[in-house]
Amino acid sequence: MTNPMRILIFTENYYIGGTDSVIVNLMNNWPAPDEFLVVCNYDHPGLKVIEERAKVPCTIFPHHALTREQLEKRAGKSRVARLGIRAALVVGQYVLLLYHFFYFLHFFSKLNPGKIIIVGGGYPSGSTARAVALQGFFRRRVQKPLFAYLNDPAHIRKVYMIPEYIIDILVERSVSHLVTLSQATQNNLSRRPALAHSFKKRVIYNSIEIPLDAKRETHPFREELGIDVGAPLLLLLANYEPRKGHGFLFKAFRIVLEKFPDAQLVCVGFSYPTDRDRVEALVRKYEFSRSVRLLGFRNDVDAMLQDATLLVLSSQCAEGLPTVVIEAMARSVPVVATDIGGTSEVFVDGRGGFALPLDVQLFAQ
């Protein structure tokens with residue numbers, strides 16, 4: 001019997017959502033009794049969620065390395081300050097990368113992990129993930145970090161082509177694998193010339209815990225919101241950032257209401273005040289006060305899906321394979337989603353749901 005290994009899971013995140021679910025599912029279904037260390041930026045609002053949902057022992061280590069996201073937030077609403085920071089980051093982002101490399105080299109030396117797994121959004125997954133990946137340049141092959149990126153890779157501006165190419169080459173040589181959640185997202189890695197033909201690329205579809213096959217007579221979620229059992233309930237489980245497409249969905253839902261006036265749309269997810277204000281303004285614009293509910297993040301996904309008629313997902317860009325799509329299908333809830341990322345890859349011959357182009361009329365239909 002081998003000794004337990006210290007598995008370090010690293011992420012940079014600012015929203016509660018799919019990345020947290022991937023980390024929790026990974027730990028809860030790990031096939032060996034290893035020790036988990038989760039390292040993340042201190043201001044990630046989902047740290048408590050990871051801690052609460054983990055069924056195995058794990059220790060969370062929030063770090064205070066200054067990130068690009070935090071720098072841009074410090075500019076506040078000042079347009080001049082934002083432009084100043086972005087101008088400084090044209091070259092400064094690579095100074096930041098170097099700073100992060102040495103910061104985490106020192107940080108990890110105290111933790112002494114046997115394996116590092118990076119779980120991030122769209123490659124390069126924030127300003128810290130590649131710096132952590134580069135730690136593998138000094139590790140033996142079996143200890144090199146595994147880099148899992150969940151969403152589409154970022155587009156490279158021409159001014160950054162040469163430094164990005166060099167860094168991507170170093171990252172490719174530093175990691176054991178480049179893992180993503182869908183074939184579509186992996187194909188889009190071709191936008192990064194240095195990674196386009198890497199033999200280290202792998203696709204591993206999102207996993208979920210199979211729900212218990214228990215039918216209940218009560219409808220606590222509908223009862224909580226005062227929604228009649230017979231009314232169509234459309235459910236959006238996504239945070240409130242712009243790429244999730246609330247505006248697109250509301251335009252389609254306005255058409256749906258013409259035929260199904262008793263339909264209810266419930267949006268559930270984490271939000272910052274600016275995101276929530278923007279979506280609330282759309283609710284007022286379309287006069288949806290009686291038919292659209294905006295809720296914060298909730299952990300009772302199973303209860304919500306059991307009461308839903310339909311799961312809708314209106315993402316406009318930067319998706320890999322949303323976990324919620326698979327969770328809905330596992331509970332026999334049909335899905336209507338935009339064809340972004342790998343969503344269409346999990347529907348077989350139209351069964352399970354529809355992945356549609358960004359067309360409001362078609363989505364409503």
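1. Glutamine 135 touches Phe101, Phe104, Leu105 and Phe108, residues up to four places away in sequence not being counted; contact here means heavy atoms within 4.5 Å. Glutamine 135 is found in the loop between α5 (129-133) and β5, where helices (H or I, at least four residues) and strands (E, at least two) are DSSP runs numbered from the N terminus. With a relative accessible area of 5%, glutamine 135 is buried; the terms used are buried for under 20% relative accessible area, exposed for over 50%, and partly exposed in between (1.4 Å probe, protein chains only). The side chain of glutamine 135 reaches the backbone oxygen of alanine 131 at 3.1 Å. Such a polar contact is a pair of N or O atoms within 3.5 Å; within protein, one must be able to donate a hydrogen and the other to accept it, and residues adjacent in sequence count only if both atoms are side-chain atoms.

2. The model is predicted: local features need pLDDT of at least 70, side-chain atom pairs count only at pLDDT 80 or more, and totals for chains, interfaces and linings use all residues. Residues are numbered from 1 along each chain as its sequence is written, and side-chain values use heavy atoms, with hydrogens and water left out. The chain averages a pLDDT of 90, and 97% of the residues score at least 70; pLDDT is the predictor's confidence in each residue, from 0 to 100.

3. Histidine 63 has its place in strand β3 (residues 58-63) and is buried, with a relative accessible area of 1%. Its contacts, not counting residues up to four places away in sequence, are Phe10, Val39, Cys40, Asn41, Tyr42, Tyr103, Phe104 and Phe107. The side chain of histidine 63 also reaches the backbone nitrogen of alanine 65 at 3.1 Å.

4. Strand β4 (residues 115-122) has seven of its eight residues buried, so it is largely enclosed by the rest of the structure. Strand β1 (residues 6-11) runs parallel to β4 and is joined to it by four bridges; two strands pair if DSSP finds at least two bridges between them. Leucine 8 has isoleucine 116 in β4 as its bridge partner. β4 also pairs in the parallel sense with strand β5 (residues 146-151), over five bridges, and there glycine 122 is partnered by asparagine 151.

5. An open sheet of six strands, with parallel pairing, has the order β10-β9-β8-β11-β12-β13. Its edges are β10 (292-295) and β13 (353-356), each with a single partner strand, so one side of each is left without a neighbour in the sheet. On average, neighbouring strands of this sheet are turned by 20° against each other, direction ignored. Within it, strand β11 (residues 310-313) and strand β12 (residues 335-338) pair in the parallel sense over three bridges, with leucine 313 bridged to alanine 337.

6. Two helices may be described against this sheet. α9 lies across β8 (233-237), β9, β10, β11 and β12, running at about 170° to β9. Helix α12 (residues 323-330) lies across β8, β11 and β12, at about 165° to β11. For these angles, axes are lines fitted to C-alpha atoms, for helices over the stretch in contact, and angles run from 0 to 180 degrees between N-to-C directions. α12 is mostly covered, with six of its eight residues buried; what covers them includes β8, α11 (301-306), β11 and β12. Serine 332, whose phi is positive, near 60°, follows α12.

7. The largest nonpolar core has 67 residues, and those with the most contacts inside it are Leu235, Leu237, Phe250, Phe253, Leu265 and Val266. Helix α9 (residues 246-259) supplies the largest share of this core, seven residues. A second, separate core of 30 residues includes Val39, Ala133, Tyr149 and Val171. A nonpolar core is a set of buried Ala, Val, Leu, Ile, Met, Phe, Trp, Tyr and Cys residues joined through side-chain atoms within 4.5 Å.

8. Arginine 276 lies in helix α10 (residues 273-285) and is partly exposed, with a relative accessible area of 21%. A polar atom of its side chain lies 2.9 Å from the backbone oxygen of leucine 294. Arginine 276 and glutamate 241 are 35 residues apart in sequence and 8.5 Å apart in space, C-alpha to C-alpha.
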